[in-house]
Amino acid sequence: MNSILSVVPIEYYLGLSVILFTIGVMGVLFRRNAIIVFMCIELMLNAVNLLLTAFSTLHGEAGGQVMVFFIMAVAAAEVAVGLAILVMIYNNLRTVDIKEMNKLKW
Amino acid sequence: MLNQNLPFMILATLSVFSALMVVLSRKPVHSVLYLIFCFFTIGGHYLLLNAQFLFAVHIIVYAGAIMVLFLFTLMFINLNKELEPHKSNLVKAAATIVAGTLLLVMVSTVTDTGNIFPTQVSQNEVGTVAVLGKKLYGDYVLPFELTSILLLAAMVGAVMIGKKNTES
């Protein structure tokens with residue numbers, strides 16, 4: 001069965017993943033809202049997932065896609081715990097600004 | 001050639017655009033909506049790559065579960081009433097430089113590797129539920145079970161962290 005990789009070179013997928021990952025990194029450095037920082041982390045995870053899937057299809061090896069499945073499960077766990085922590089921080093500090101969360105800094 | 005590339009190009013443009021809008025839009029709710037859109041375009045990439053199982057899991061987990069969690073939290077703590085204070089221009093410039101340098105490093109690494117990728121695309125059928133199910137319950141059965149324990153622990157942890165402290 002022919003996939004898109006027979007017409008689109010794998011380098012395009014590499015480029016797309018690198019760009020998406022960099023946008024995620026930029027968001028983490030750019031924004032002060034902790035929820036948006038979380039979303040940018042999700043973006044980075046998705047860029048890696050996309051590349052794993054592309055190479056798994058290229059090599060005809062199912063292990064890469066199994067790994068993507070595990071990454072998705074870990075991302076779901078991470079978001080559940082992280083958002084619970086954020087809600088607790090908001091209940092105590094009345095803000096999710098990461099500038100205010102500096103009690104453990106020094 | 002260009003015509004065959006067209007689905008990939010459209011999806012890639014939409015992905016990059018919506019990812020940029022996640023970072024750049026002022027209101028958090030707009031960011032979440034753009035992120036949902038970005039996840040759907042990435043799901044489209046999975047379909048193009050013949051990974052039907054991953055497409056289904058991706059839509060269910062990300063668009064179905066994680067994004068609902070984000071939207072729910074956002075409405076729970078009601079962030080839209082005030083716009084967040086933005087970082088100083090110095091920090092913004094530094095963030096852009098760091099991200100640009102990272103992009104440069106990764107792109108140059110990829111271009112320096114040369115032609116190590118196989119030119120012939122494998123004809124194996126890997127993305128279907130049948131193949132991945134055999135793999136998941138065969139070679140990867142221990143990590144699969146450990147993942148279930150991880151999810152259980154995360155669920156208990158989220159409930160424990162989220163509940164109100166009544167003793168003190």
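Reader: How many residue pairs are in polar contact between chain A and chain B, counting those with both residues at pLDDT 80 or more?

Author: In this predicted model, the count between chain A and chain B comes to five residue pairs in polar contact, with both partners at pLDDT 80 or more.

Reader: Which elements of chain A give two or more residues to the side that touches chain B?

Author: They are helix 1 (10–30), helix 2 (34–59) and helix 3 (63–93) of chain A, and the largest share, 23 residues, comes from helix 3. Sorted by residue class, the side of chain A that touches chain B divides into 51 nonpolar, 16 polar and six charged residues.

Reader: Which side chains meet in a salt bridge?

Author: The rule finds one salt bridge across the interface of chain A and chain B, and there the side chains of Lys135(B) and Glu61(A) meet at 3.9 Å, N to O, where the cut-off is 4 Å.

Reader: How should I read the size of the interface between chain A and chain B?

Author: The size of an interface is often given as the accessible area lost when the parts come together. Here chain A and chain B bury about 7400 Å² between them, with 77% of that area on carbon and sulfur atoms; in terms of residues, 73 of chain A are in contact with 84 of chain B.

Reader: What span does helix 4 of chain B reach, and what is expected?

Author: Helix 4 of chain B (residues 89–112) has 24 residues and reaches 34 Å from its first C-alpha to its last, close to the 34 Å expected at 1.5 Å a residue. This helix is followed by Gly114(B), whose phi is positive, near 75 degrees.

Definitions and conventions:
Residues are numbered from 1 along each chain as its sequence is written. Chains are lettered from A and ligands numbered from 1 in the order in which they are written. This is a predicted model: local features need pLDDT of at least 70, side-chain atom pairs count only at pLDDT 80 or more; totals for chains, interfaces and linings use all residues. Side-chain values use heavy atoms; hydrogens and water are left out. Contact means heavy atoms within 4.5 Å. Buried area is the accessible area (1.4 Å probe) that two parts lose on being put together, summed over both. A polar contact is a pair of N or O atoms within 3.5 Å; within protein, one must be able to donate a hydrogen and the other to accept it, and residues adjacent in sequence count only if both atoms are side-chain atoms. Helices (H or I, at least four residues) and strands (E, at least two) are DSSP runs, numbered from the N terminus. Ala, Val, Leu, Ile, Met, Phe, Trp, Tyr, Cys and Pro count as nonpolar, Asp, Glu, Lys and Arg as charged, and the others, Gly among them, as polar. The expected span of a helix is 1.5 Å times one less than its number of residues.
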